[in-house]
Amino acid sequence: MAVKLKLKNDDDCYGWPIISLHWLMAVAVFGLYFLGLYIIDMSYYDPNYKTLPHWHRSLGMIMLFALGLRLLCRCVDRAPRALPGHGHATRLLTKTAHALLYLLMLTALLSGYVMSSADGHAVAVFNWFSVPALPIEMHHQADRAGMLHYWSSTALIALSCLHALAALKHHFIDKDSTLTRILGIKRETP
Ligand code: HEM
């Protein structure tokens, strides 16, 4: 086993841009979800009534930019080839799960943006800069986007948990290099 951090993906490992974005976004997705659940239940008299939603919105907007960057990296660099030990069904399942994870991240983040800017105001990102409201006017925009935001985030968390379990199964039971490839570690595959 050896640490192998390269700019571009190859068949042994993902490149460091995808690796760092993957792990940063994995932590952020779980953090934002549980912060969101806390915010829903927060009382008006909570001392963090204004601060926590502001952090949630700001981090969400940063994640939206990070996702754009990640999709760009994916367009200019192909993913590592499927491992030789993975059969047709595993390959199909992996591709579908990864595509769904990207789709759910995009839906959850975009619907959060549409909901936050439903009143026509720009979304402030940590008071560093603001992102203008989208030029759309929809009936009950905040409610509809809010519903989509809640369900897409919940589906994203559920699928991410399955995805993590699958990665652990590949690592500990199949003993292949699925997990080490996204950790930047080169390991011989049986
Ligand atoms: C919110 C959490 C997560 C999300 C949204 C997520 C999303 C993704 C996506 C979209 C890919 C495909 C990368 C590409 O080819 O472009 C990927 C790959 C991968 N992820 Fe995650 N991930 C999350 C958490 C985790 C966790 C916790 C683990 C491990 C315990 C993990 C293990 C892996 C592995 C091993 C791969 C590479 C799979 C392969 O090469 O076939 N992920 N992840």
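His22 is buried, its relative accessible area being 14%, where buried stands for under 20% relative accessible area, exposed for over 50% and partly exposed for what lies in between, using a 1.4 Å probe and protein chains only. His163, by comparison, counts as partly exposed at 28% relative accessibility. Because His22 lies in helix H1 and His163 in helix H4, the pair ties together parts that are 141 residues apart in sequence.

Ideal angles for six octahedral donors are 90 or 180 degrees.

## About the model

This is a predicted model, in which local features need pLDDT of at least 70 and side-chain atom pairs count only at pLDDT 80 or more, while totals for chains, interfaces and linings use all residues. Residues are numbered from 1 along each chain as its sequence is written, and side-chain values use heavy atoms, with hydrogens and water left out.

## The chain as a whole

The protein chain holds five helices and four strands, which run β-α-α-α-β-β-α-α-β from the N terminus on; helices (H or I, at least four residues) and strands (E, at least two) are DSSP runs, numbered from the N terminus. Along its principal axes the C-alpha trace spans about 55 × 30 × 30 Å, and buried residues make up 38% of the 190 residues in the protein chain.

## The nonpolar core

The largest nonpolar core has 30 residues, and among them Met25, Met61, Met63, Leu67, Met105, Tyr113 and Leu156 touch the most other members. Such a core is a set of buried Ala, Val, Leu, Ile, Met, Phe, Trp, Tyr and Cys residues joined through side-chain atoms within 4.5 Å. Two or more residues come from each of helix H1 (16–40), helix H2 (51–76), helix H3 (88–116), strand S2 (123–125) and helix H4 (141–174), and H1 gives the most, with eight residues.

Not counting residues up to four places away in sequence, Leu156 touches Val29, Leu101, Leu104 and Met105, where contact means heavy atoms within 4.5 Å.

## Aromatic pairs

The count comes to six aromatic pairs, under a rule by which rings of Phe, Tyr and Trp (its six-membered ring) pair if their centres lie within 6.5 Å, with planes under 30 degrees apart counted as stacked, over 60 as edge-to-face and the rest as tilted. Tyr33 and Phe34 form an edge-to-face pair, 5.4 Å centre to centre and with 80 degrees between the planes; Tyr33 is buried, with a relative accessible area of 14%, whereas Phe34 is partly exposed at 48%.

Tyr150 and Trp151 also form an edge-to-face pair, at 4.9 Å centre to centre and 80 degrees between the planes. Of these two residues, Tyr150 is partly exposed, with a relative accessible area of 33%, and Trp151 counts as exposed at 52% relative accessibility.
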